[in-house]
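Biologist: Could you take one part of this model and walk me through it closely? I'd like to know which residues sit where, and what they touch.

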Amino acid sequence: MIVGLLTGLAAFVVEIFVEFLVLKKWQITQIILDKNVGTGWLTFLVFSLLFGGVAAILTVFSGPGAAGGGTAEMMGYLNGINYPDFIGLKTLGVKILALSFAVSSGLCIGKEGPLGHIGAIIGHCVVYLPVS
C-alpha cells in the first residue's frame with residue numbers, strides 16, 4: 001500500500017510539473033505570438049528545445065541510470081543483468097525531473113514505462129532503506 005501511494009504521489013507530482021511547464025510555455029508563446037507569428041513560432045521551438053535539452057543533460061550527466069523508458073531495463077534487472085545506478089534515490093529524482101521536462105518539450109513519449117521504473121525504485125527504497 002505504501003509503495004502504491006508513493007508511486008501515485010510521484011505520478012501526481014510529474015503531472016503537476018508538466019502542466020506548469022506547458023502552461024508557462026504556451027503563455028509566453030501566446031504573448032509573443034500576438035505581436036509576430038514567426039517570432040512566436042521561434043519562441044515555442046526554443047522552449048521545446050530547452051526543455052528537451054534540460055531532460056537530456058540531467059539524464060546524461062546527473063543520473064545515467066534514469067536513461068531509457070524503464071520497462072525493458074526493469075525486465076533485464078529482474079533477470080539478473082547488472083545495470084549500474086538503476087535503483088537509487090538520485091536516479092529517482094533525475095527520472096522524475098527529466099520525465100517532466102521531456103514530456104513538456106512535446107516529445108512523443110509516454111509516462112507509463114518511466115512510472116514503472118519510478119515505482120520499482122520506490123518499492124526498493126521502502127523495503128531496503130533502514131527506518132530510524
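Modeller: Happy to! Let's begin with Thr29, which counts as buried because its relative accessibility is 4% (buried means under 20% relative accessible area, exposed over 50%, partly exposed in between, with a 1.4 Å probe and protein chains only). Before going on, please note that this is a predicted model, where local features need pLDDT of at least 70 and side-chain atom pairs count only at pLDDT 80 or more, while totals for chains, interfaces and linings use all residues. Residues are numbered from 1 along each chain as its sequence is written, and side-chain values use heavy atoms, leaving out hydrogens and water.

Thr29 belongs to helix α1 (helices, H or I, of at least four residues, and strands, E, of at least two, are DSSP runs numbered from the N terminus). Beyond its neighbours within four places in sequence, Thr29 is in contact with Gly40, Thr43 and Phe44 (contact means heavy atoms within 4.5 Å). If you look along the chain to Phe17, 12 residues away from Thr29, the two C-alpha atoms are 18 Å apart.

Helix α1 also holds Glu15, which takes us to a salt bridge (a side-chain nitrogen of Lys or Arg within 4 Å of a carboxyl oxygen of Asp or Glu). A search of the whole structure turns up 1: the side chains of Glu15 and Lys111 meet with 2.1 Å from N to O. These two partners are 96 residues apart, with Lys111 in the loop between α4 and α5. Lys111 is partly exposed at 22% relative accessibility, and Glu15 is partly exposed at 28%.

From there, follow the chain into α5, residues 112-128, a helix of 17 residues that reaches 24 Å from its first C-alpha to its last. Its buried residues include Gly113, Pro114, Ile118, Ile121 and Cys125. Among the elements covering the buried residues of α5 are α1, α3 (71-78) and α4 (89-104).

Setting aside neighbours within four places in sequence, the contacts of His117 are Gly65, Ala66, Gly70, Met74, Phe86, Thr91 and Lys95.

Finally, α4 has another partner: α2 (residues 37-62) packs against α4 at about 160°, with the axes 7 Å apart (axes are lines fitted to C-alpha atoms, for helices over the stretch in contact, and angles run from 0 to 180 degrees between N-to-C directions). The residues making this contact include Phe51, Val54 and Leu58 of α2, and Val94, Leu97 and Phe101 of α4.

Definitions and conventions:
Expected span 1.5 Å × (residues − 1).
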